[in-house]
Amino acid sequence: MTRPLSACSASSAVLHSVDLLVVPCPLIGRTYPDFRSRIFRFFLEELLPRTPNPEPERMAFFGNSAGAHIAATLAFELDGVRALATTAAVGLVEAADESERRLFEGKRYLAFANENDPCSEHTHKFWEAMILRDIAVDVIEREGGHSFEDYVTNGSAREAFAWLLDSVST
């Protein structure tokens with residue numbers, strides 16, 4: 001389940017435009033009324049139309065903590081998503097189970113789980129759930145706790161962004 005990630009080539013690639021959505025831990029939770037439909041409405045009707053590229057061909061998502069649930073929800077439903085990376089993830093299995101389109105295949109998945117992160121079990125359960133769907137998820141474990149700063153300090157956040165940039169540029 002755990003393997004070191006090889007060096008990413010994103011630093012040597014020339015990128016003119018990148019479609020990468022970073023989803024932090026949200027202020028409202030998935031028990032909020034119409035949470036799922038509100039996420040899609042916000043992303044498709046409010047956020048994308050305001051970007052320089054409102055109809056991206058390739059996208060990648062990064063989710064932290066409960067933001068991983070949102071990033072995964074979008075990744076599992078939208079065409080053009082190449083990759084999903086997460087740190088301190090919560091709600092990934094639920095996002096997969098709730099998915100209507102179940103667009104799991106043809107995408108890359110990378111999850112970071114710190115050894116002292118009490119939520120790391122969510123990442124491991126996601127890995128197991130995706131294996132049952134014959135979908136590979138790379139999981140990298142490092143030292144640290146649940147805070148995003150821990151994932152920055154141990155290099156996971158940087159590695160996730162480099163991996164995502166590589167995923168949308170190749």
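How many aromatic pairs does a search of the whole structure find? I ran the search and got 7. Rings of Phe, Tyr and Trp (its six-membered ring) pair if their centres lie within 6.5 Å; planes under 30 degrees apart count as stacked, over 60 as edge-to-face and the rest as tilted. F76, F104, Y109 and F126 form one aromatic cluster.

**Ground rules**

I note that this model is predicted, so I take local features only at pLDDT of at least 70 and side-chain atom pairs only at pLDDT 80 or more, while totals for chains, interfaces and linings use all residues. Numbering runs from 1 along each chain as its sequence is written, and side-chain values use heavy atoms, with hydrogens and water left out.

**The whole chain**

I looked up the helices and strands next. The chain has 6 helices and 5 strands. Along the sequence the pattern reads β-α-β-α-β-α-β-α-β-α-α.

Then I checked burial. Of the 170 residues, 45% are buried. Buried means under 20% relative accessible area, exposed over 50%, and partly exposed in between (1.4 Å probe, protein chains only). The chain exposes about 8900 Å², and carbon and sulfur atoms supply 52% of that area. Such areas come from the Shrake-Rupley method with a 1.4 Å probe; for residues, only the protein chains shown count as cover.

I also looked at contacts, meaning heavy atoms within 4.5 Å. Among those between residues at least 6 apart in sequence, 72% join residues at least 24 apart.

**Nonpolar cores**

A nonpolar core is a set of buried Ala, Val, Leu, Ile, Met, Phe, Trp, Tyr and Cys residues joined through side-chain atoms within 4.5 Å. The largest one here has 30 residues. Which of its members touch the most others? I found F61, L74, F76, L78, L84, Y109 and M130. Two or more residues each come from α1 (35-47), β2 (59-64), α2, β3, α3, β4 and α4. Helix α2 gives the largest share, 7 residues. Another core lies apart from this one; its 13 residues include A60, A88, A160 and L164.

**Salt bridges**

Side chains of opposite charge can pair when their charged atoms come close. I counted 5 salt bridges in the structure. The rule is a side-chain nitrogen of Lys or Arg within 4 Å of a carboxyl oxygen of Asp or Glu.

I took R36 and E77 to begin with. Their closest N and O atoms are 3.4 Å apart. R36 is in helix α1 and E77 in helix α2, so this pair ties together parts 41 residues apart in sequence. R36 counts as buried because its relative accessibility is 19%. E77 is buried too, at 6%. Helix α2 covers residues 67-77. Leaving aside neighbours within four places in sequence, E77 contacts R36, F40, S99, E100, R101, R102 and L103.

Next came R133 and D97, with closest N and O atoms 3.0 Å apart. R133 sits in the loop between α4 and β5, D97 in helix α3, and 36 residues separate them. R133 is partly exposed at 24%, and D97 is partly exposed at 45%.

I then turned to R142 and E159, which meet at 2.5 Å, N to O. R142 is in strand β5 and E159 in helix α6 (residues 156-169), so the pair ties together parts 17 residues apart in sequence. E159 is buried, at 16%.

**Helix α4**

Helix α4 covers residues 120-132 and has 13 residues. From first C-alpha to last it reaches 19 Å, close to the 18 Å expected at 1.5 Å a residue. That expected span is 1.5 Å times one less than the number of residues. Its buried residues are S120, T123, H124, F126, A129 and M130. Their cover includes α2, α3, β4 and β5 (138-142).

**Positive phi**

Most residues other than glycine have a negative phi. Which way does phi of A88 go, positive or negative? I read a positive value, near 50°. A88 lies in the loop between β3 (81-87) and α3 (92-98). At 1% relative accessibility, A88 counts as buried.

R102 is not a glycine either, and its phi is about 50°. R102 is in the loop between α3 and β4 (108-114). R102 is partly exposed, at 39%. Just after α4, D134 has a positive phi of about 60°.

How values were computed:
Helix = DSSP H or I, 4+ residues; strand = E, 2+ residues; numbered from the N terminus.
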